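Please look over the sequence and structure below.

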Amino acid sequence: MLNDRDSLPKDRRIAGVHCKPITEQGMIMLSWDKAEQQITTIGGRLENGESLKEALEREVMEEVGIYYRYI
């Protein structure tokens, strides 16, 4: 089982984040990767000074165009 992280590890750099948001109706959101021609998880690279939660929220907005609040 995967565990949630609230902070970045100090011993290594985290390059990116990925998630599978679940809607209030219990549906899992994924995105279509045009380059790879496949369905994939939502995610991408962390920007400087960005928290994991901020990165996940931004990536969901960028990739599927909806506001997602990480809880």
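Leu 30 sits in the loop that links strand S1 (16-19) to strand S2 (31-33). Helices (H or I, at least four residues) and strands (E, at least two) are DSSP runs, numbered from the N terminus. This is a predicted model, where local features need pLDDT of at least 70, side-chain atom pairs count only at pLDDT 80 or more, and totals for chains, interfaces and linings use all residues. Residues are numbered from 1 along each chain as its sequence is written, and side-chain values use heavy atoms, with hydrogens and water left out.

Leu 46 belongs to the loop between strand S4 (42-45) and helix H1 (52-64). The two leucines compare as follows.

| Residue | Relative accessible area | Class |
|---|---|---|
| Leu 30 | 40% | partly exposed |
| Leu 46 | 16% | buried |

Buried means under 20% relative accessible area, exposed over 50%, and partly exposed in between (1.4 Å probe, protein chains only).

Leu 46 is part of the largest nonpolar core, which has 9 residues: Val 17, Cys 19, Met 29, Ile 42, Leu 46, Leu 52, Ala 55, Leu 56 and Val 60. Such a core is a set of buried Ala, Val, Leu, Ile, Met, Phe, Trp, Tyr and Cys residues joined through side-chain atoms within 4.5 Å. S1 and H1 are the elements that give two or more residues to this core. H1 supplies the largest share, 4 residues.

Leu 46 and Arg 58 are 12 residues apart along the chain, and their C-alpha atoms are 9.7 Å apart.

Met 29 is in contact (heavy atoms within 4.5 Å) with Lys 20, Pro 21, Thr 23, Ile 42, Val 60 and Ile 66, leaving aside its neighbours within four places in sequence.
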